[in-house]
Amino acid sequence: MSLPSVVPAPSSIVAADGAAFALDADTPIQGARDAAAALTAVVHARTGLALSPSTGSATGRGIELSVTPGGAAESYRIEADAASVVVTGADAAGLFYGVQTLSQLIARKGDGWSVPAVVIEDAPRFAYRGVMLDVARHFHPVETVKAYIDRAAGLKFNALHLHLSDDQGWRIQLDSRPKLTELASGTAVGGDPGGFYTKADYREIVEYAASRHMIVVPEIDMPGHTHAVGVAYPELAEAPVLTDQMTEQARGEGIAAPVAGAPYEGTVVGFSSLKIHDEATYDFISDVFGELAGMTPGPYLHLGGDESLGTDPHDFAEFVARASSIIADLGKTPIAWHEAGDAPGLADTTIGQYWGFVTPTGGMDVTAKGFVDNGAQLILSPADAVYLDMKYSADAPLGLTWANGPTSVERAYSWEPSDVISGIDDSDILGVEAPMWSETIRTLDDIDEMAFPRIAAAAEAAWSPATGRSDLRNWQSFRQRVGDLGPLWKSLGIHFHASEEIPWT
Ligand code: TNX
């Protein structure tokens, strides 16, 4: 008997004997109210059935949702047979993930709907499973962010990293530095309108994410990627420094090259820097991270640190050491892009985020290993596998190609986290994150087109057993299972890319 399709692949799934569970409008749902609400919503989207959570005691028939503390964090178990579907989480997150799996199990049966007889036991491989959204190059409103949270949570991601600032705009309102949004939020790439989150907007995002068992990881990218800071507070920024190559790229875009103090709408990276030897810079960082720390219940603050191409390496090291210490002193765990990994004096709790390739080039893996040598862990975002902004084909309108692009779903799937950086093992890996940079990404449909189905490959790298430790952890199995999710994704309004690599149901 063929197994039902679940993505990301669970630790264990066994087809059970007997008939499927028939799901109809009278199916009772017992137990945990939040989980029942999440299930009724997805069942309604998928089937049109309006189930109503019942309050009476368990009947032994129907769907039962409960939390039984004891197992691994975020783990769950599903037992489905003709009489009942029992979902048990080790905690509220585990139950939520059990519901996400159950929503994938619902299948058509004749005129009706059913859940196949099955036993699933499941727990995540990595504690941190992230998606990143760049809201700086193009601003994305709260409703879009919420929609992306729903999509990511459905694949068992538990962290939303928001790239809140870059050369093209500043996107978060802060009382301590009001000019950031007053003067530096109105623009975006290509002359598109900018925008920013008010403090109330940010709170709404944080609360919505929490209701889907996700934390928010705010990133303020520095010391590079800070041209917008200089639009608001010119005294903090160095004048733009462009290499010949950057000037060439700027010319090719037909958009004015960056000018100190004026908004920049192109996509050249690496020309801006905060002043490293000015105490005013560290006052600024303390204000910004201090305020963000108070607004962010999750443990992490991301300080960026990527592509500071014009900054002297010693200055860069000094800067990230101080910035990471400021965050650590606030009681938060710093995260930095991998370039900061070999900076002497980096706060020793700093998590590194690796964005080099699956097969590392230019010593990026060695730099990244610095975080582990320092006693902390890594988040893996190998660009040629999990950068969701890479083009699917050379003539695709959306996306970039620099990370060995154009890419494919198979490429997005075919990597193993423990094989990327030599000399580290699973205990050195906090998790996996799939970034969506938004130079070309304007709308939720654009996000969907680029993220789906590749985001499912990143989910499997982050959640599922290691390659070789499960019969399901291979491309042939994955493409079949993803194909079977087509109807669910459609019913949820996800405008996925109907890649020819996938046998869509
Ligand atoms: C590299 S990799 C960047 C971003 C760009 C992205 C586009 C990294 C940490 N930074 O500034 O938006 O490429 O794919």
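# Getting to know this model

In UniProt, an unreviewed entry places the feature "domain: Glycoside hydrolase family 20 catalytic" at residues 126–308 and 317–465; such positions are given in the numbering used here, feature names are shortened, and annotations may be inferred rather than shown by experiment. This is a predicted model, in which local features need pLDDT of at least 70 and side-chain atom pairs count only at pLDDT 80 or more, while totals for chains, interfaces and linings use all residues. Residues are numbered from 1 along each chain as its sequence is written.

Colleague: Hello! How far apart are the end C-alpha atoms of residues 317–465?

Modeller: Helices (H or I, at least four residues) and strands (E, at least two) are DSSP runs, numbered from the N terminus. By that reading, residues 317–465 are 34% helix and 13% strand. The end C-alpha atoms of this span are separated by 36 Å.

Colleague: Is strand β19 mostly covered or mostly uncovered?

Modeller: A residue is buried if 20 or more other C-beta atoms lie within 10 Å of its own, exposed if 12 or fewer, and partly exposed in between, with C-beta atoms placed from the backbone. In β19, residues 429–436, eight of the eight residues are buried. That makes the strand mostly covered.

Colleague: Which residue in β19 does Arg129 stand opposite?

Modeller: Two strands pair if DSSP finds at least two bridges between them. Strand β10 (residues 128–134) pairs with β19 in the parallel sense over six bridges. β18 (residues 378–380) also pairs with β19 in the parallel sense, over three bridges, and there Leu378 faces Ile429. As for Arg129, its opposite number in β19 is Val432.

Colleague: Which helix gives the largest share of the side of domain 1 that touches domain 2?

Modeller: An automatic or database domain assignment divides the chain into domain 1 (12–122) and domain 2 (128–491). Eight residues of domain 1 are in contact with six of domain 2, contact meaning C-beta atoms, placed from the backbone, within 7 Å. On the domain 1 side, α1 (33–47) and α2 (92–105) each supply at least two residues. The largest share, six residues, belongs to α2.

Colleague: And how many charged residues are in the shell around the ligand?

Modeller: Residues count as near when the C-beta atom, placed from the backbone, lies within 6 Å; among those around the ligand are Asp306, Glu307, Asp389 and Glu439. Ala, Val, Leu, Ile, Met, Phe, Trp, Tyr, Cys and Pro count as nonpolar, Asp, Glu, Lys and Arg as charged, and the others, Gly among them, as polar. The shell has seven nonpolar residues and no polar ones, and its charged residues number four.

Terms used
Two residues are in contact if their C-beta atoms, placed from the backbone, lie within 7 Å.
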